[in-house]
Amino acid sequence: VGNLEKRTKRKAVAKYFGRWGKVESARLRSLPTAGAKVDERKESLVKRVSAYRGALSEAKQGVNAYVVFAEVESAAAAAREANGSTWNGRHLRVDWAGTPRAADEHLRTAFVGNLPRQADEESLRTLFADHLGADAVRSVRVVRDAKHEAIGVAYVLLADNSLLAAALGLDGAPYAFEDGAKPRPVRVRPCAKRTKRDDAPPRKREKPLTGAARRLERKNNNKAPPKRAPAGADAPAWMGRRTGDQPTAAKQPRNKRRRLADKASS
């Protein structure tokens, strides 16, 4: 569940979605915590204390939640009926957790750029709904950084791909995240097709080598390859061989060197 009002409590979420079936658990996520006077090295403790005390940041107004139902049919009904509904003045975004996106979703998604850092899902939805109609917008996703501030881009999912051409007419339209704020012209483009396969296995990120293993790898990478002998019968016998490949007279015992010298003189 996305775009919940940030002051919403966990029990209230469970009660609201209880109309579609028995709720086993409800968890709030992505809370815009403002910080607390605890050991800052323990980031999880800072977030927990801030959420408990209600010390939330004004960087964003919405939070996310996960609702676990006792039956699959209840979850399917909630995802189908609650998506786009209004609760506490905000339009909810409800879908199945972990399910792949539709193959044609990019055909009805508009990319929005040049947004201010205070951009909000509701105000951006209002901009598109006033131009296309209240039922034309399915969901709005504003991309944010670790501080819960918008990075300037968002994705608007429309009800049908035929509405995308009309949505492109908002390119250059003024957008203000609240009354009195200085408007900025938004950039609206078609969303590029997703090239990442949903059924592809996740890539494992290899940990960098440290210590002796890193030094050994550098030594192997810096080692020069052996020289190869040139093609043809005129190539010298030593070409392409390393010093330690063939035993030499200097590396043999003294008595063996003496016998070789006597044999050469005779």
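Q: Is Arg141 buried, exposed or partly exposed, and at what relative accessibility?
A: The general idea is a scale of relative accessible area, where buried means under 20%, exposed over 50% and partly exposed in between, with a 1.4 Å probe and protein chains only. Arg141 counts as partly exposed because its relative accessibility is 33%. This is a predicted model, in which local features need pLDDT of at least 70 and side-chain atom pairs count only at pLDDT 80 or more, while totals for chains, interfaces and linings use all residues. Residues are numbered from 1 along each chain as its sequence is written, and side-chain values use heavy atoms, with hydrogens and water left out.

Q: Which residue does the side chain of Arg141 meet in a salt bridge?
A: A salt bridge is a side-chain nitrogen of Lys or Arg within 4 Å of a carboxyl oxygen of Asp or Glu. The side chain of Arg141 meets that of Asp95 in such a bridge, at 3.4 Å from N to O. Arg141 lies in strand 7 (residues 137-144) and Asp95 in the loop between strand 5 and strand 6 (109-113), so the pair ties together parts that are 46 residues apart in sequence. Helices (H or I, at least four residues) and strands (E, at least two) are DSSP runs, numbered from the N terminus. Asp95 is partly exposed, with a relative accessible area of 43%.

Q: Which residues are linked in a network of salt bridges?
A: The network links Arg90, Asp120, Glu121 and Arg144. Within it, the side chains of Arg90 and Glu121 meet at 3.8 Å, N to O; Arg90 sits in strand 5 (residues 90-91) and Glu121 in helix 4 (residues 121-132), 31 residues apart. The side chains of Arg144 and Glu121 also form a salt bridge, at 3.2 Å from N to O, and this pair links strand 7 with helix 4 across 23 residues. Arg90 and Glu121 are buried, and Arg144 is buried as well.

Q: What is the order of the strands in the open sheet of four strands?
A: Two strands pair if DSSP finds at least two bridges between them. Here the order is 7-8-6-11, with antiparallel pairing. Strand 7 and strand 11 (187-190) stand at the edges, each with a single partner strand, so one side of each is left without a neighbour in the sheet.

Q: How many bridges join strand 7 to strand 8?
A: Six bridges join strand 7 to strand 8 (residues 150-158), and the two run antiparallel. Among the paired residues, Val142 has Ala154 in strand 8 as its bridge partner. The two strands form a hairpin with five residues between them, and His148 in the turn has a positive phi of about 65°.
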